[in-house]
Amino acid sequence: MSYASAPNSARSGVLRAQSPVYVIDFSSQAAGKRVATSKRRVRWRWGYTNQDALKHGQTGNNCRGEEHDITLVWSVTSGKRQI
């Protein structure tokens, strides 16, 4: 099976071209209760641009569209993960 010819990969390429992604924030910190290095907290924040604002020539904060936030908490000791 060729991954390049899969129908989903073609569709996702079209979506990316229509709505570019921008990075808001990325952070990673040690978050263990007693031993800080035993747990990691990783946070990604990103957004998709507002296409109508781009078409009208707007820039900056006016072009911010739908924004997303994901936090992953990972226990290095036990291997448990929480999203």
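How many helices and how many strands are there in the protein chain? There are two helices and four strands.

**Figure 1. Overview of the protein chain.** This is a predicted model, in which local features need pLDDT of at least 70 and side-chain atom pairs count only at pLDDT 80 or more, while totals for chains, interfaces and linings use all residues. Residues are numbered from 1 along each chain as its sequence is written, and side-chain values use heavy atoms, with hydrogens and water left out. Helices (H or I, at least four residues) and strands (E, at least two) are DSSP runs, numbered from the N terminus. Read along the sequence, their pattern is α-β-β-α-β-β. Of the 83 residues in the protein chain, 13% are buried; buried means under 20% relative accessible area, exposed means over 50%, and partly exposed lies in between (1.4 Å probe, protein chains only). The protein chain exposes about 6,800 Å², of which carbon and sulfur atoms supply 52%. Such accessible areas come from the Shrake-Rupley method with a 1.4 Å probe, and for residues only the protein chains shown count as cover. Among contacts (heavy atoms within 4.5 Å) with a separation of 6 or more, 46% are accounted for by residues 24 or more positions apart.

**Figure 2. The aromatic pair of F26 and W44.** The structure holds one aromatic pair. The ring centres of F26 and W44 are 5.9 Å apart and the planes stand at 50 degrees, so the pair is tilted. F26 in strand 1 (residues 21–30) and W44 in strand 2 are 18 residues apart, and the pair thus links distant parts of the chain. A pair of aromatic rings is described by the distance of the centres and the angle of the planes. The rule used here pairs rings of Phe, Tyr and Trp (its six-membered ring) if their centres lie within 6.5 Å; planes under 30 degrees apart count as stacked, over 60 as edge-to-face and the rest as tilted. F26 has a relative accessible area of 49% and is therefore partly exposed. W44 is also partly exposed, because its relative accessible area is 36%.

**Figure 3. A nonpolar surface patch.** F26, W44, I70 and I83 make a nonpolar surface patch of about 450 Å². Patches are made of residues with over 30% relative accessible area and no salt bridge; like charges are joined within 9 Å, and nonpolar side chains (Val, Leu, Ile, Met, Phe, Trp, Tyr) within 5 Å.

**Figure 4. The salt bridges.** Two salt bridges are counted, each being a side-chain nitrogen of Lys or Arg within 4 Å of a carboxyl oxygen of Asp or Glu. D69 forms a salt bridge with R43, and the closest N and O atoms are 2.6 Å apart. This pair links distant parts of the chain, since D69 lies in strand 3 (residues 64–75) and R43 in strand 2, 26 residues apart. D69 is partly exposed, with a relative accessible area of 40%, and R43 is partly exposed at 30%. The side chains of R64 and E67 meet in a salt bridge with an N to O distance of 2.6 Å. R64 counts as partly exposed because its relative accessibility is 36%, and E67 counts as partly exposed at 34%. Side chains of opposite charge can pair when their charged atoms come close.

**Figure 5. The surroundings of R45.** R45 belongs to strand 2 (residues 39–49). Its relative accessibility is 26%, so R45 counts as partly exposed. Beyond its neighbours within four places in sequence, R45 is in contact with V23, I24, D25, H68 and D69. From C-alpha to C-alpha, R45 and S27 are 9.0 Å apart in space, and they are 18 residues apart in sequence.

**Figure 6. The buried residue T49.** T49 is placed in strand 2 and counts as buried because its relative accessibility is 18%. Its side chain is joined to that of Q51 by a polar contact of 2.8 Å. A polar contact is a pair of N or O atoms within 3.5 Å; within protein, one must be able to donate a hydrogen and the other to accept it, and residues adjacent in sequence count only if both atoms are side-chain atoms. When neighbours within four places in sequence are left aside, T49 is in contact with S19, P20, Y22, L54, C63 and G65.

**Figure 7. The buried residue S75.** S75 is found in strand 3, and its relative accessible area of 15% makes S75 buried. The side chains of S75 and S78 are joined by a polar contact of 3.1 Å. S75 also touches S38, K39 and K80, not counting residues up to four places away in sequence.
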